[in-house]
2 protein chains.
Amino acid sequence: MNIARRPRVGHIAFLNCLPIYWGLARTGALLDIDLHRAPPDELSRRLVAGDLDIGPITLVEYLKHADDLLLIPDPAVAADGPVLSVNLVTKTPLADLPAAPRVSLASTSRTGVLLGRMLLEDRYGRTPAYTVTAPDLQSALADADAAVLIGDEALQVFHEHRHREPGGLNVLDLAAEWKDWTGLPMVFAVWAVRRDYAEAHPGLVKDVHLAFRDSVRRSRDEIGEVVASAARWEPFPPAALAEYFERLQFGLSERHLAGLREFASRASRYADMAPLRAGGPEFFAAGPDNSL
Amino acid sequence: MNIARRPRVGHIAFLNCLPIYWGLARTGALLDIDLHRAPPDELSRRLVAGDLDIGPITLVEYLKHADDLLLIPDPAVAADGPVLSVNLVTKTPLADLPAAPRVSLASTSRTGVLLGRMLLEDRYGRTPAYTVTAPDLQSALADADAAVLIGDEALQVFHEHRHREPGGLNVLDLAAEWKDWTGLPMVFAVWAVRRDYAEAHPGLVKDVHLAFRDSVRRSRDEIGEVVASAARWEPFPPAALAEYFERLQFGLSERHLAGLREFASRASRYADMAPLRAGGPEFFAAGPDNSL
């Protein structure tokens, strides 16, 4: 008998996270997790509020709350170059964008939006006037020169306009732009555990980490099945899904951490957050791993 | 490309349903389902309201809404004799219960509560005064002669009092009493599909049915693992869990259907529901099953 409870873990049911959760539905690992599905922003909020123990958090929110959280090395959502689904869509080629363009932020992804602002202001030297619109292309471009689009809608727009036609829309991949600018990968979301929970239940956190790590490995090994499963339900053909899953990266290497630190250092000028501590980000450490 | 969406399926995260969902987390079947977890009453309500396509529904609610629903042959929650977790707890032996006892209905399970009322009024010849209380033993018996308890709390009370001591509580298993009374199994919950959804998407409904059927079979084959997994998180020792899972039945045989019809016929005197149609209940039929 016991008084344990399953760890409360956040679940993003978006296409880009399918490879992260794929294996959990095949190994039985889900049976030891109290999985909570919600939109990314809601999951970030709940983790910060202590209503979840472990979960995905958009990088910007992690940086704001790094004192209360420890990173888990897997999974993450990142890209070392094009990510296909985080785009600046402009009505004209970038060079013709006005000095003070009207830019729609058609997304609730704080990290993607901040990346768009950084690039527009610091790299392209513009002084945009921002408005927030619904996350579809038509709403976003109705009264704007450009829009930051993120997610499935952005991926759809990328495929429709990847071969630019004269007078057509211009789609700029913001993770590719970030890499051109900094030489580094872009980290969009991390998985973190609340510091108090990790101290109280290191064994459970380690189990969840290993379950996610194994799930991502398994989805890499079974990528054909992952693509076929996604193609059954998502409005993209298998080839587009395969390309997308190949672009996405689901772990944090040293290069990814360098990208994360670079983003953190630039972000503190835009958002209300303290700089990362020296040596940060701080990781959950379970001690010797006897399960390997 | 397609415009399909995953079927919205209800999920009860209670101990008695673990063997129903066990296999879904091992075969990958969850990846083709949009699973919604909620308490049983809430899932019943959502299925009736059309906010779910397929899901568990307590028998009483199914009977009230049988015109809009089709039964799926697996899974179900039933017992042919003792179920251990649906109990009438009395302060005295049953024979000493007053003619007009004060009875707490300490549960939100409408079927278990109705079963308790039927037995008290029609079998034991009492005229109880009912009150609704919190679902714990202490609240339930604070101001009452007896209480209908259901679920984990009822299972706990059963184990604490299964060997009755002089002056101790008396625990009556209502599914065992039902069998003594009628000779039939008791069906507590069924899984149903909305009739309109089944007509529009028979292939998807069939997939979900087969996934549940395979999940239940797998949990039977792997019952030792199911017990070990449950024992990790639930406040019961493995032997108690093994006994519980052995008592629970997860499919509908002809005998179960006879029990369901008998309950429906008696229930219509208590609750606002039309009798089952002749030949009912009506099942989802997917046509020839080519997957077998």
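## Close-up views of a predicted model

**Helix α11(B) passes helix α12(B) in a right-handed crossing.** The model shown in this and the following views is predicted. Helix α11 of chain B covers residues 223-233, helix α12 of chain B covers residues 238-247, and their axes come within 9 Å and cross at roughly 125 degrees. An angle over 145 degrees would count as roughly antiparallel and one of 65 to 115 degrees as roughly perpendicular, so α11(B) is oblique to α12(B). From α11(B), the residues in contact are B:Ile223, B:Val226, B:Val227, B:Ala230 and B:Ala231; α12(B) contributes B:Pro238, B:Leu241, B:Ala242 and B:Phe245. By class, the residues of this contact are 9 nonpolar, no polar and no charged.

Chain B is superposed on chain A by a rotation of 180 degrees, with 0.0 Å of shift along the axis and an RMSD of 0.0 Å.

**An open sheet of 5 strands in chain A has mixed pairing.** The strand order in chain A is β7-β6-β8-β5-β9. Strands β7 (129-132) and β9 (170-173) of chain A stand at the edges; each has a single partner strand, so one side of each is left without a neighbour in the sheet. On average, neighbouring strands of this sheet are turned by 25 degrees against each other, direction ignored. Strand β5 (residues 86-90) and strand β8 (residues 146-150) of chain A run antiparallel and are joined by 5 bridges. In one of these pairs, A:Val89 has A:Ala147 in β8(A) as its bridge partner. Helix α5 (residues 110-123) of chain A packs on the sheet, where the helix touches β5, β6 (102-106), β7 and β8 of chain A. The direction of α5 makes about 145 degrees with that of β8(A).

**Helix α8(A) lies across the sheet of chain A and also packs with helix α13(A).** Against helix α13 (residues 254-267) of chain A, α8(A) packs at an angle of about 90 degrees, with the axes 12 Å apart. This angle makes α8(A) roughly perpendicular to α13(A). In the contact, A:Trp178, A:Lys179, A:Trp181 and A:Thr182 of α8(A) meet A:Arg255, A:Gly259, A:Glu262, A:Phe263 and A:Arg266 of α13(A). The contact of α8(A) with α13(A) has 3 nonpolar, 2 polar and 4 charged residues.

**Backbone details in chain A include two cis peptide bonds, A:Asp74 to A:Pro75 and A:Gly280 to A:Pro281.** Most residues other than glycine have a negative phi, and most peptide bonds are trans. The bond joining A:Asp74 and A:Pro75 is cis, with omega about -10 degrees. A:Pro75 is found in strand β4 (residues 69-79) of chain A. The bond from A:Gly280 to A:Pro281 is also cis, with omega near 0 degrees. A:Pro281 lies in the segment after α13 of chain A. A:Leu84, a residue other than glycine, has a positive phi, near 75 degrees. A:Leu84 sits in the loop between β4 and β5 of chain A.

**Helices α7(B) and α8(B) are shown with the open sheet of chain B.** The sheet has 5 strands in the order β7-β6-β8-β5-β9 (chain B), and the pairing is mixed. Edge strands β7 (129-132) and β9 (170-173) of chain B each have a single partner strand, so one side of each is left without a neighbour in the sheet. Neighbouring strands of this sheet are turned against each other by 25 degrees on average, direction ignored. The antiparallel strands β5 (residues 86-90) and β8 (residues 146-150) of chain B are joined by 5 bridges. The bridge partner of B:Asn87 in β8(B) is B:Leu149. Helix α7 (residues 152-161) of chain B lies across β5, β8 and β9 of chain B and runs at about 115 degrees to β8(B). Helix α8 (residues 174-182) of chain B packs on the sheet, touching β5, β8 and β9 of chain B, and its direction makes about 55 degrees with that of β9(B).

Note on methods. Residues numbered from 1 in each chain as written. Chains lettered and ligands numbered in written order. Predicted model: local features only at pLDDT ≥ 70, side-chain atom pairs only at ≥ 80, totals over all residues. Heavy atoms only, no water. Axes fitted to C-alpha atoms, helices over the stretch in contact; angles between N-to-C directions. Helix = DSSP H or I, 4+ residues; strand = E, 2+ residues; numbered from the N terminus. Parallel < 35°, antiparallel > 145°, perpendicular 65-115°, else oblique. Left-handed = near helix turned anticlockwise from the far one by under 90°. Contact = heavy atoms within 4.5 Å. Nonpolar A, V, L, I, M, F, W, Y, C, P; charged D, E, K, R; others polar. Least-squares fit on C-alpha atoms with pLDDT ≥ 70 in both. Pairing = 2+ DSSP bridges.
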